[in-house]
Amino acid sequence: MAKADRRKERLDRGIKVRSDGIYALLSWRELAYLVLPRLVLIVGLLVLPLVMPSLYWQRVISNVCLYALLALSFDFLAHYVGLVSLGGALFIGVGAYIAALLNKYLGFSIILTIPIASIAGAAICTLLLLPCLPLRGVYFAIVSLMYPLAAMRIIEALNIFGGTDGIMGIDSFPSSWAEQYFVIVMVLLFLFGLRRLVNLDIGLVFRGVKDNDQAVRASGMSITYYKSVAVFIASIMGCLAGACLTHIYMFSGISLFALDFSILPIAATVIGGGGTLAGPVIGCFILVPISELLREFGTLRIAFYAVILMAFIVFKSEGLMVYGQRKYHQFERWVKI
Amino acid sequence: MQILIYGTINSIALTLMALGFALVYGISRVPNFAHGAIYVVAGFITWTCLKALGLSYFLSALIAILITGVIGAMIYRFMLIRVRGMAISEIIASYAIGLAILEGLRWGGFKGMTYTLPLFIPGSVNLAGVPVDIHRLLLIGIGAAVIVLLWLFTHYTRIGLALRGMAQDERAALMLGIDSDLMALLATAFGSMLAGLAAIVLLPLGNIVVEAGYNVLILAIAVCIVGGLGSWMGAVLAAFLIGFAQILTVVYLGSHYQMVVALLAIIFTLILRPSGLFGQQKELEERV
């Protein structure tokens, strides 16, 4: 057949249809079809620290998980609520500074600082972003890009919180195992929690806000309220990542508002597949180790993932996870038109 | 008096930086976030032509402007054209291009050493008791000339009118036989050339550094947003507003706050009037 008179047809696999409902419980095969992909991810993540050869690569795992948390928050906001936040570094910075201040000046232990920093940081971020929540699309993206930059300049200008030197000498995690497993469990918890959340009633409203906010408003619901709830949830993840980061590196400074934390999660989401929630996590597992390998090239790393980001967004915008899901659930064949 | 003179100079400088961005966004509705990168690239090309190849100043400036125009056209032709209409992809893609160029330059060794362009005409004059470089005076002249020329261009030439038609209503423009992709390509090229021009005029006042790319981008966005995206007069007025505000903060608060002013201006304008001071387009659609 010539290229002009054929097209690709995609059909759901039989096993997908059979395992859609409660009948999946009837056979081990259907159960395995459903559970296996999830199990691979969970077990893989839990085993990963055990098989890593060196302390250095174990630290990389923690990094991957922190970026994964950020990427999850970006994906959730962008693809389920319609708020594209280019300023993930704001969440990291706020969480990190709160944890650092609590630990350094009030002497709180790490068990207290991380939850407090997550919740209080999320509240602060939500309050900061509250005035610009009525904005949408490009406008919200630009404002959110400005926030971390502004925070950086303000800390620099006012010379507060240690100014340009930052805050040093913060407690670390008790052991590297505690550190890794804490972040891994958090990633899994938030990943599956979010997947559940977006299918609850409130998740439907979130998606309504994204697709047609006027319709949501016409139903008598406050858009700004739901947006702020969503931002709160997303910033809990970001601030948690920031708090962990500051304890892992025992340091908090204006470099935490840097571009890396805004760009890499976005790149990971684009590569992994937006709107799948698991995709961004996988994207982080690809991008962060690559960027570690490229560490000796210095700033070329940023150029490198800018190029990846560009290539994916322009030429292959669906992402790996969507591609994988399609191959897993469907088969394809050529049919004559 | 000092504030008045340097405020004016700063405002014209901001206008020069922002006009290119405003042109591209106002016309093709593609927010060209690679603007800052193009600005820096223009500086380096001029430097290369001038110092390494030994060409005359005027010739190297001309070459730099032409090359930046080509770069802008290529960015549109090969990248942005594919994501046109998808606002978020446009932003991320063009920002990624800018990032790749800037960080590539930084890695390529354009750091540490100082790269400077000579002033057009060295020396300074006293203006009402304030010493001002002749170059800065020239800058005012060039800036004013560019503003006037662009105004004439967009109001009285075929291409200029076509560009404005595109900005107002793309479908109607298409029906009248305006090739929207070609026009957007031209707009991107012109916008990049304006960025190149701004770089050549402004960079002799300081060093050519990669960080300038980010600062120029932020300032250009600030001016365009405060003035209203896509609005000419708005951009110029906003440049004067921010320009004077910056000089005032430098005089009374310290130079640390200079960037904070621009950032706060963006945030407050977007919150209070998302379409900017003078933007009329789509005001209702963009706010909920």
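These legends accompany close-up views of a predicted model.

**View 1. Overall build of chain A.** Chain A contains 14 helices and four strands. Its radius of gyration is 21 Å, close to the 20 Å that the globule rule gives for 337 residues, so chain A is as compact as a globular protein of that length. The C-alpha trace of chain A spans about 70 × 55 × 40 Å along its principal axes. Of the 337 residues in this chain, 45% count as buried. Take the contacts in chain A between residues at least 6 apart in sequence: 77% of them join residues at least 24 apart.

**View 2. Helices α3 and α7 of chain A.** Helix α3(A) covers residues 55–81, and helix α7(A) covers residues 176–197. Their axes come within 9 Å and cross at roughly 25°. An angle under 35 degrees counts as roughly parallel, so α3(A) is roughly parallel to α7(A). The crossing is left-handed. From α3(A), the contact takes in A:L55, A:Q58, A:I61, A:S62, A:C65, A:L66, A:A68, A:L69, A:L72 and A:F76. From α7(A), these meet A:S176, A:E179, A:Q180, A:V183, A:I184, A:M186, A:V187, A:F190, A:L191 and A:L194. By class, the contact has 15 nonpolar, four polar and one charged residues.

**View 3. Helices α2 and α3 of chain B.** Here helix α2(B), residues 35–52, packs with helix α3(B), residues 57–78. The angle between them is about 145°, and their axes lie 8 Å apart. The crossing of α2(B) and α3(B) is right-handed. On the α2(B) side, the contact is made by B:I38, B:V41, B:A42, B:I45, B:T46, B:C49 and B:L50. On the α3(B) side are B:Y57, B:S60, B:A61, B:I63, B:A64, B:I67, B:T68, B:I71 and B:G72. The residues of this contact divide into twelve nonpolar and four polar, with no charged residue.

**View 4. The side of chain A that touches chain B.** In this contact, 35 residues of chain A meet 35 residues of chain B. Two helices of chain A, α6 (138–158) and α13 (300–315), each supply at least two residues of the side that touches chain B. Helix α6(A) gives the largest share of that side, twelve residues. By class, the side of chain A that touches chain B has 27 nonpolar, four polar and four charged residues.

Note on methods:
Residues are numbered from 1 along each chain as its sequence is written. Chains are lettered from A and ligands numbered from 1 in the order in which they are written. This is a predicted model: local features need pLDDT of at least 70, side-chain atom pairs count only at pLDDT 80 or more; totals for chains, interfaces and linings use all residues. Axes are lines fitted to C-alpha atoms, for helices over the stretch in contact, and angles run from 0 to 180 degrees between N-to-C directions. A crossing is left-handed if the near helix is turned anticlockwise from the far one by less than a right angle, and right-handed if clockwise. Two residues are in contact if their C-beta atoms, placed from the backbone, lie within 7 Å. Ala, Val, Leu, Ile, Met, Phe, Trp, Tyr, Cys and Pro count as nonpolar, Asp, Glu, Lys and Arg as charged, and the others, Gly among them, as polar. Angles under 35 degrees count as roughly parallel, over 145 as roughly antiparallel, 65 to 115 as roughly perpendicular and the rest as oblique. The radius of gyration is taken over C-alpha atoms; the globule rule is 2.2 Å times the number of residues to the power 0.38. A residue is buried if 20 or more other C-beta atoms lie within 10 Å of its own, exposed if 12 or fewer, and partly exposed in between; C-beta atoms are placed from the backbone.
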